[in-house]
Amino acid sequence: MKVFKKYLKVWLKLTALAFSIDLSNRFTAIFAITGKVIRFLFFLGFLFLLVGRTETLAGYDLYQVVFFFLTFNLIDILIQFFLRGVYYFRGLIVSGDFDLVLVKPINPLFRSLFQRTDAYDFLTFIALIVYMIIFIATGNLVITPLGVILYLVLIISSFILGLAFHIGFLAFGILTTEIENIVWIYRDLSSMGRIPIDVYREPLRTFLTVVVPVAVIVTFPAKALMGLLSWQWVVFSLVMSGLFLFVSLRFWKYALTQYSSASS
Amino acid sequence: MKRLFENCLRARIMRKYLQVIRITFQEYFVYRLNFIFWRLRAFIQLLVLYFLWLAVIPQGTTIFGYDQAKILTYILGTSIIRSFILSSRSVDVAGEVSSGVLSNFLLKPINYLGRWLAKDIPDKILNLFFSIIGVSLILIFLRPPIIIQNNPLIIFLTIITIILGMILFFYLSFSLSLSAFWTPENVWPPRFLAMIIIEFLAGSLFPLDILPAGVFKTLKLLPFTYLLFFPLNVYLGKLTLQEIFIGIFISLFWILVFWQLAKALFRLGVKSYVAWGR
């Protein structure tokens, strides 16, 4: 408990600093937030236009398709909000400043993952939650209490999977000093979950379920809420999260042994 | 004698820009992995759209006036032309201005705008090459039905509209980068926002004519339509000759506007330029 309190205190401090940096420049903040909101609205409008005309997409109706998209955004924003620090990690490695992280009495993985919280994503997160509540309240989705519980459990599971990927990126960054591109490829792959994964053909669908489990991260929680996911897939999702986290932590430990402290 | 001198001068100027092209090529081969990752990302984005439209319009159905062959040709075609129309090294102009590197080029006997135009050539060649590989992989492995245009006049007009699209985007992108003269610490946010709007309104996600008629009519007056949607529509043979020439005229109008805007902004920017840290 004492350790948890210590890390929570550090995270709050880092978050406060990140917010003051991000919001100190109103010009950047306005453009960045407007850009994110417009990108969201454009794709949402596109889905309404498209599925409004075709009535279904891969067997899902308009409300279901939109809910998949909203869930994708929820998970994406959550991951970006907490783990934005990964984008700054390369700077620490190539400058040798990672030495300073290693000598501090705090877990270097924690520091590297959570070194920067994204203030812009916090604001878009609030807006998204409000929209989701209105959408669910006014839409025709059939939701049960069990569905809601499973949805929340699988959102946490998805976050853990996303976390595992980001730990892997950090380890990859130590070994190769290349990190930004691989993060963007992950984000492009996960953007395939903006629409139900059932749209894709085999073997791509299996690839997106098992190898780069975009389906598990994005599609499964939405399916669980709508009562379309069997318990076997719920278990599969939890096992995948645990497995990926375990492997990524081992990879991180291995990468640390290879760190050569560049430029210092 | 005078003519010979002029020819020599012209050849020397050309040599300068050829050298810029050569150096830019070499720069790309220094950061090979970076470039491969960039192209891989474009391929993934293409796959998303390809499968989405494949699911939306099954074989034998027509939605929004598009059958499967037409829409897949549009999506694959957009992917190819987007790779060289919406790619421009002029994005780096902002960095040169805000870091003060611009000073080096202001002192050199080279036209700054021309230099960036030259830098775009290798960028577009490489992007085109890798984009064709990406689309070829889809054609080989997924065998989608696509439309092959065989009318030489239509092909010629498509090429013309693509060239106009490239020039238009160059001046548009260059003008955007010049905002760095006035906000050197904030070069990415205006571009981030502008690119989201440009890509969407250019038709990179879907053909613009599926939008409500009033919206589409308005979009036809804006420059973005002439970057991707218009050339692809010319290729698909959906436009009459009259519509094509009107489109070309509107493209030329916007090129003129952004060309003059880029020149005016550069002139004004250089006057307020202070070359921080140099």
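Visitor: How much area do chain A and chain B bury between them?

Guide: In this predicted model, chain A and chain B bury about 3,200 Å² between them. Of that area, 81% lies on carbon and sulfur atoms.

Visitor: Why is an area given here?

Guide: The size of an interface is often given as the accessible area lost when the parts come together.

Visitor: Which residues of chain A lose the most area to chain B?

Guide: They are Phe42(A), Phe46(A) and Leu49(A). Together these residues account for 18% of what the chain A side buries.

Visitor: And how many residues are in contact?

Guide: On the chain A side there are 32 residues, in contact with 32 residues of chain B.

Visitor: What about salt bridges between chain A and chain B, how many are there?

Guide: The count between the two chains is one. That salt bridge joins the side chains of Arg41(B) and Asp188(A), with a distance of 2.4 Å from N to O. Two residue pairs are found in polar contact across the interface of chain A and chain B.

Visitor: Which elements give two or more residues to the side of chain A that touches chain B?

Guide: Those elements are helix H2 (26-54) and helix H9 (180-190) of chain A. The largest share comes from H2(A), with 16 residues.

Visitor: How do the residues on that side of chain A divide by class?

Guide: The side of chain A that touches chain B has 18 nonpolar, seven polar and seven charged residues.

Visitor: Back to salt bridges. How many are there over all chains?

Guide: A search of the whole structure gives 13. One of them pairs Asp22(A) with Arg116(A), whose closest N and O atoms are 2.7 Å apart.

Visitor: What does the pair of Asp22(A) and Arg116(A) tie together?

Guide: Asp22(A) lies in helix H1 (residues 2-24) of chain A, while Arg116(A) is in the loop between helix H6 (108-113) and helix H7 (119-138) of chain A, so the pair ties together parts that are 94 residues apart in sequence.

Visitor: New topic: what is the volume of the second largest pocket?

Guide: The volume of the second largest pocket is about 390 Å³. Its lining consists of 18 residues, and those nearest the centre are Gly77(B), Ile80(B), Ile81(B), Leu232(B) and Tyr235(B).

Visitor: Which element gives the most to that lining?

Guide: H3(B) gives the most, with six residues.

Methods:
Residues are numbered from 1 along each chain as its sequence is written. Chains are lettered from A and ligands numbered from 1 in the order in which they are written. This is a predicted model: local features need pLDDT of at least 70, side-chain atom pairs count only at pLDDT 80 or more; totals for chains, interfaces and linings use all residues. Side-chain values use heavy atoms; hydrogens and water are left out. On a 1 Å grid over the protein atoms alone, a cavity is a set of points where a 1.4 Å probe fits but cannot get out, and a pocket is an open set with protein on both sides within 12 Å along at least five of seven lines; lining residues have an atom within 4 Å of a point. Grid points are joined across faces, edges and corners, and a volume is the space filled by probe spheres set on the points. Helices (H or I, at least four residues) and strands (E, at least two) are DSSP runs, numbered from the N terminus. Contact means heavy atoms within 4.5 Å. Buried area is the accessible area (1.4 Å probe) that two parts lose on being put together, summed over both. A salt bridge is a side-chain nitrogen of Lys or Arg within 4 Å of a carboxyl oxygen of Asp or Glu. A polar contact is a pair of N or O atoms within 3.5 Å; within protein, one must be able to donate a hydrogen and the other to accept it, and residues adjacent in sequence count only if both atoms are side-chain atoms. Ala, Val, Leu, Ile, Met, Phe, Trp, Tyr, Cys and Pro count as nonpolar, Asp, Glu, Lys and Arg as charged, and the others, Gly among them, as polar.
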